[in-house]
Amino acid sequence: MPDLGLEVLWKGKNFARLLGGLWVALRISLIAALISVAAGILLGVLASRKHSVFSAILQVWLGIIHIMPQMVLLFLMYFGTTRAFGWNLSGETAAIIVFSLWGTAEMGDLVRGAVSSIPAIQRESAEALGLRPIQVFRFVILPQAVRRLIPLSINLITRMIKTTSLITLIGVVEILKVAQQIIEANRKASPNAAFGVYLTVFVLYYLACRPLSLAAKHLEKHWG
Amino acid sequence: MDWGYIQNVLPLYGKAAWLTLRTGAAGILLAAIVGLLCAAASHWRVPVLRRITSAYVEISRNTPLLIQLFFIYYGLPKIGIRTRPEACGILGLAFLGGGYMAEAFRSGIEAVDRIQEESALSLGLTRLQTFLHVILPQAAAISAPAFMANVVFLMKETSVFSAVSLMDLMFTAKDQIGLYYRTAENLFLLVGAYLLILLPLSMLGSVWERRLRYAGFGT
Amino acid sequence: MSDVVLSISHLTKRFDQQTILEDLSLDVREGEVVVIVGSSGCGKSTLLRCINALEEIQGGEIRLRGEPIRHNSKNLPEMRRKIGMVFQNYELFPHLTVLDNIMLSPVRAQKRSREETRTEALTLLDRVGLKEKAGSYPRQLSGGQKQRVAIVRALIMHPEILLFDEVTAALDPEMVREVLDVIVSLADQGKTMLIVTHEMSFARAVADRIILLEDRRILEENTPEQFFTSPKTEQAEKFLQSFEFKRKKES
């Protein structure tokens, strides 16, 4: 059995430290996801009306977010704002802002899509039954839209979690940074730690994302 | 904005952009091949291979590229597998992208009606002929938008290559800012370079998608 | 008597626990046109799909000119080339032109020369009145035109037998005629055919023999004249009545 450098994990609080690093990543995604869902629903509903300015705003916003790599957006937020406005954002704040901007645009688009994908005849038949517009939205449109939305928003959160891996590159101490520190500290005692520790990080990310994507797939199948 | 400085570093960005394009294209090509093989394995229900490919797809789609790269670049050498930075980037991109491409192709193949396959079989075509001449052309058209979206996505993912010491656009920008504190100029160049690469790709994707949707051969 | 082309003996077909066809035997002779009728869901289409080995069978045997057709045998593509099948929804390949749809199998599967195949394809298209559509894509054709192309696509393989699976069921009423005319002319040419249909007057005109499939098996086998005027079984009478409309009028 070759030395896979796994023993490092059981030394001291190393494994707990890794989990702590993962939690930093998860916390950032969760905060950003909450902001995105709230702001995205608002934006999406506003944009789903015909000839709405919000629809145009959303399109441009989404275009910018989609064309730039997230790494570049993080970089712009982290270094750019210091330069332009003299703000000294922490890496974590910069990450939450970028993820929220990204998530709000995507959620907004998903909500707009879900609302407008419901056939007009549904709204018309509800109106024909004598429901008021707000009732039509509450009892007919929303329940159908939410079913389509939930799996898609879970997917968005999964993608956010995966993207948090990048924030180590703007100086946030999260799981990858902790991993590097552990490997560095045990360079002499376990020269092969890089294998075991990075493998663990890999598995932990998988364990964090897999249940979510599984849930999304399941819901898509049963609600789709 | 110091235009003289920009002119000076432009060649550096050109070189970096070329590296991004080159490694990105190679990784995407490999990813497409891996994806097609996985999709074929799942379509034909090849016993063991089908299990392996579906596990691979799940793993590649549920882990970040950066972590995959770290594992390949820093982890694997400890058990004797060494790759140069460029090869590592391409491999990582192919590993990640293979899963996404497999899903794109698989859903395209599944979207072709089963009776189309039966109709081809009833004409006496073999399974392979049926796949190549009847299913694949239809699946390709259905998968094209997802394929192009993956191409753009994977091209964007190359922006983490700097983490395995590839001198790509991110690396160059960071390096220059660190050395000369020219933040504005470098961010401008960084965004400009990515726009130059990604805008045409994404425009190509949407043109293609529209063409397929409105002028396709769909029944 | 002429040779038996298709011979089905003791065929049993089950989906999970449900038996669709049970101990069914049927021979089709050269040049014979056999029409299968029966209420929907009686297994008519499944029978055709079994003959082409698109379905696995759970018992019995199907032979084409004495050679068995088996779901998992190596020579299945070869056997299928001898059986022409036309589907309810045409199943033309949307990415190929009419001509390429017709030429795909002769060129790829039978390895015939492109030139010869093309000439034959155009001749056959001409015969069904669609020569000028050779370069069109399926989506540019009407349902009736698509179905005529599908018939040509089956014919060009020179099959021993043609299977028609409710080929007019998906068509608008005004297009049914043009497709049925083609099939009648094939009957006149002496082609061996097994036809599943709901068009009773067509069945009566084209069939040499009518078979009523009901309740997993063959209930009645008769000449068209007898079947429609004085059926042997009560079930056949009932079945025929279901096509008639009567309205009691007080006068």
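In what order do the elements of chain B run from the N terminus on? I began my notes with this question and read the order as α-α-α-α-α-α-α-α. The secondary structure of chain B comes to 8 helices and 0 strands. I recorded that the model is a predicted one.

**Entry 1. Extent of chain B.** I looked up the box filled by the C-alpha atoms of chain B and noted roughly 70 × 50 × 20 Å along the principal axes.

**Entry 2. Which chains touch.** I counted 2 pairs of chains that touch, and the most contacts among them are between chains A and B. Chain A and chain C do not touch, and I noted 24 Å between their nearest C-alpha atoms.

**Entry 3. Chain B against chain A.** I found 36 residues of chain B and 35 residues of chain A in this contact.

I then asked how many salt bridges the rule finds across the interface of chain B and chain A. The count is 2. I examined the pair Glu58(B) and Arg210(A), which forms a salt bridge with the closest N and O atoms 2.5 Å apart.

On the side of chain B that touches chain A, the elements giving two or more residues are helix 2 (47–61), helix 3 (65–75), helix 4 (85–111), helix 7 (169–180) and helix 8 (183–215) of chain B. Helix 8 of chain B gives the most to this side, with 10 residues. By class I recorded 24 nonpolar, 7 polar and 5 charged residues on this side of chain B.

**Entry 4. Helix 8 of chain A.** I looked up helix 8 of chain A, which covers residues 193–223 and has 31 residues. From first C-alpha to last, this helix reaches 45 Å, close to the 45 Å expected at 1.5 Å a residue. I also noted that helix 8 of chain A bends by about 25° at Cys209(A). A proline, Pro211(A), follows within four residues of the bend.

**Entry 5. Chain B against chain C.** Here I found 21 residues of chain B in contact with 23 residues of chain C. The area buried between these two chains is about 2,100 Å², with 61% given by carbon and sulfur atoms. The rule finds 1 salt bridge across the interface of chain B and chain C. I examined Glu118(B) and Arg49(C), whose side chains meet in a salt bridge at 2.7 Å, N to O. The polar contacts between chain B and chain C come to 10 residue pairs, both residues at pLDDT 80 or more.

The elements that give two or more residues to the side of chain B that touches chain C are helix 5 (114–122) and helix 6 (127–157) of chain B. I noted that helix 5 of chain B supplies the largest share, 7 residues. The residues of this side of chain B divide into 9 nonpolar, 11 polar and 1 charged.

**Entry 6. A salt bridge within chain A.** In one salt bridge the side chains of Arg159(A) and Glu106(A) meet at 2.7 Å, N to O. Arg159(A) lies in helix 6 (residues 133–163) of chain A and Glu106(A) in helix 4 (residues 91–117) of chain A, so I recorded that the pair ties together parts 53 residues apart in sequence.

Terms used. Residues are numbered from 1 along each chain as its sequence is written. Chains are lettered from A and ligands numbered from 1 in the order in which they are written. Side-chain values use heavy atoms; hydrogens and water are left out. Contact means heavy atoms within 4.5 Å. A salt bridge is a side-chain nitrogen of Lys or Arg within 4 Å of a carboxyl oxygen of Asp or Glu. Ala, Val, Leu, Ile, Met, Phe, Trp, Tyr, Cys and Pro count as nonpolar, Asp, Glu, Lys and Arg as charged, and the others, Gly among them, as polar. The expected span of a helix is 1.5 Å times one less than its number of residues. The bend at a residue is the angle between axes fitted to the seven residues ending there and the seven starting there. Buried area is the accessible area (1.4 Å probe) that two parts lose on being put together, summed over both. A polar contact is a pair of N or O atoms within 3.5 Å; within protein, one must be able to donate a hydrogen and the other to accept it, and residues adjacent in sequence count only if both atoms are side-chain atoms.
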